[in-house]
Amino acid sequence: LVLFITGICPRGCFYCPLSERRRGRDVPWANERRVEGLGDVLLEAERMEAEGAGITGGSVDLRLKRTLGYMEALKGRFGHAFHIHMYTANPLGMDILRGLKGVGLDELRFHVTGEEIWETIAVSINLGIETGIEVPVLPGGEGRLVALAERLEGLGGSFINLNELEFSDTNAPRLKRRGWELKAETSNAVLGSEESALRVLEACRGLGIGLHYCSSSYKDAVQLRRRLL
């Protein structure tokens, strides 16, 4: 289950792919179902026979009460084995992290945009939350990504997920201004992103963390297809 908490976010990342109907709008979605209440979330999870949920946004921590309520309800309905992971790009205080763990958060994925997030990453690891980094791969950005992976390993983190950068209706003008092009006419992927990701994987093979690369084609052919089915 892809549970979109809110489109509100202060970050303004130039590569953000959120659509116009979600960006800046304080409206939750469960997959492609606009959520009016908790019952809609549980119904969507039941209809798709979900085995877990990814909590995303926007900045989900800006709607913490909503986020905690959904997590607690999903764990209560489907049990401890229902796996919940959450994305954040913002530093989170100890009380927030403990609250998230208390309602059953299994995994926290950080979108690292600056130095201020690292204290939260360290605290998350120390609290026993499975902790990793998930970022899009900007062409030519291998050095930064290798450094992120090495630093995460040093803190005792679990994994780094690398996503192939994609054009969307909303980010395309900004990506084009940087000189980036489509990989192919039949793909939304940015030319050079995959090559950079594969170089990072090769450079990090000796690290003691999980290394994962998700291509644009895999996202469409497998993840999105299974969700729609």
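## Aromatic contacts and a helical glycine

Gly69 has a relative accessibility of 30% and therefore counts as partly exposed; buried means under 20% relative accessible area, exposed over 50%, and partly exposed in between (1.4 Å probe, protein chains only). Gly69 belongs to helix H2, residues 64–78, where helices (H or I, at least four residues) are DSSP runs numbered from the N terminus. Its C-alpha atom is separated by 36 Å from that of Arg144, a residue 75 positions away along the chain.

This is a predicted model, in which local features need pLDDT of at least 70 and side-chain atom pairs count only at pLDDT 80 or more, while totals for chains, interfaces and linings use all residues. Residues are numbered from 1 along each chain as its sequence is written, and side-chain values use heavy atoms, leaving out hydrogens and water.

Three aromatic pairs are present in the structure. Rings of Phe, Tyr and Trp (its six-membered ring) pair if their centres lie within 6.5 Å; planes under 30 degrees apart count as stacked, over 60 as edge-to-face and the rest as tilted. Two of the pairs are listed here.

| Pair | Centre to centre | Angle between planes | Class |
|---|---|---|---|
| Phe14 and Tyr15 | 5.0 Å | 75° | edge-to-face |
| Phe78 and Phe82 | 5.1 Å | 20° | stacked |

Phe82 is buried at 2% relative accessibility, whereas Phe78 is partly exposed at 28%. Tyr15, at 15%, is buried. Ring pairs join Phe14, Tyr15 and Trp180 in a cluster.

The charged end of Arg178 sits over the ring of Phe14, 3.6 Å from its centre; this requires CZ of Arg, or NZ of Lys, within 6 Å of the ring centre and within 35 degrees of the ring normal.

Notes:
Helix = DSSP H or I, 4+ residues; strand = E, 2+ residues; numbered from the N terminus.
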